[in-house]
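Please keep the structure in view while reading.

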Amino acid sequence: MAGLEQTRQLVTEIPGPASLELTKRRAAAVSRGVNVSLPVFVARAFGGIIEDVDGNRLIDLASGIAVTTIGNSSPRVVEAVRAQVAEFTHTCFMVTPYERYIAVAEELNRITPGSGEKRSVLFNSGAEAVENAVKVARSYTRKPAVVAFNHAYHGRTNLAMALTAKSKPYKSGFGPFAPEVYRAPMSYPYRDGLIDKELATDGEKAAARAIDVIESQVGADSLAAVIIEPIAGEGGFIVPAEGFLPALLDWCRKNDVVFIADEVQTGFARTGAMFACEHEGPGGLEPDLICTAKGIADGLPLSAVTGRAQIMDASHVGGLGGTFGGNPIACAAALATITTIESDGLIERAQQLERLITEPLLRLQASDDRIGDVRGRGAMIAIELVRSGTAEPDAELTQKLSTAAHAAGVVVLTCGMFGNIIRLLPPLTISDDLLTEGLDILGRLLADL
């Protein structure tokens, strides 16, 4: 696969005839409830390129929604998976355990924020990790309520949907949802600044606003956990104002409330640190529990909850687990992924990509007032699009830009509560040239629109 040429090439219109045929088969066989952003069907992918069944090569600025952070079919992962498949594919860790599950837990305990004794448990998806983190927090505190935030996205299972803020497409028509879930205001510097300049830059003030809501609507005596993404993902790549997260954590510690960091999208070098919590405050933030998935295993289904030993060990024996959780093949991939990040300097690479992405976007913003905000960390950068001369979200322009980018062979994603954000999540192994070409195309298309 290393032979997949790292250049953009369009040999047909997007989507091409072979993809269109597969789209017909998909419509006849797959539930229409599953959306597709870009109906090209993939034949191969490596580095920063996705090749479709028509032979088109597209620049990948999505990484399968922040999953193939180290690049598709990364060599160490391919080798590790092949070796594990030949040994055994499954026994269930709860029946006859195996060493690689323990090795992944040991690695997670080592690399996640926090210096104290930790424990981990493995699952399949980010939503599963979130649900189990809440279970652990409730078990430890003996309290029922959970607080999530505006603009949050935590998954598609029932409790995770309740924690998620956005109704369509995630929640609409799927209720009733899990009870005892409450919502507090997130720090959103760009939009907060439209109301109160100080609120945009003073994270402690934004935290005080959230804590007022929590104390008046829930109360610490009933609250098991506060769950938050250190950078809101689907909600719009919102980086909270400096001081917001440390102030929340401090309140949680003083009130016997478990602080859960959902690093499903931000983890594993994506933001220019192994975990986004490391950017917060002097010495980084140390959450009580941390949820991980997506980039953990280069595309194989795996997730985890890692946290302080006394909290993680509070659940009764048999209370945590799942048939496929910590599957041996996914564990082999995760160990190879962590090795690749650390051996190949991919944390530093994410920091380089932040400069390579934001500098041209900021230049573009200076000449185009439809770009309301450019924000993010590492290789997790957003462009918030607004109507010219206003801060009014422009979802229509965002959709047109995304569609035009796809037609030009650049894979991008949209997000945000108002549908007005282009999010960029390139693999950390993308070449400078490919990344620059993709950004240049985006800039030209925006000018054309």
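How much area do domain 1 and domain 2 bury between them?

## The interface between the domains

In this predicted model, domain 1 and domain 2 bury about 2,400 Å² between them, with 62% of it on carbon and sulfur atoms. Buried area is the accessible area (1.4 Å probe) that two parts lose on being put together, summed over both. On the domain 1 side, R377, M380 and M417 lose the most area to domain 2, together 32% of what that side buries.

The domain assignment, which is automatic or from a database, gives domain 1 as 17-60 + 346-448 and domain 2 as 77-344. Their centres, taken over C-alpha atoms, are separated by 25 Å. In contact (heavy atoms within 4.5 Å) are 30 residues of domain 1 and 29 residues of domain 2.

## Two packed helices

Helix α14 (residues 395-407) packs with helix α15 (residues 432-448) at an angle of about 130 degrees, and their axes lie 10 Å apart. Helices here are DSSP runs of H or I, at least four residues long, numbered from the N terminus.

From α14, the residues L397, L401, A404 and A405 make the contact, together with L442, L445 and L446 of α15. These residues divide into 7 nonpolar, no polar and no charged; Ala and Leu are among those that count as nonpolar.

## Basis of the values

Residues are numbered from 1 along each chain as its sequence is written, and side-chain values use heavy atoms, without hydrogens and water. Local features need pLDDT of at least 70 and side-chain atom pairs count only at pLDDT 80 or more, while totals for chains, interfaces and linings use all residues.

Definitions and conventions
Axes are lines fitted to C-alpha atoms, for helices over the stretch in contact, and angles run from 0 to 180 degrees between N-to-C directions.
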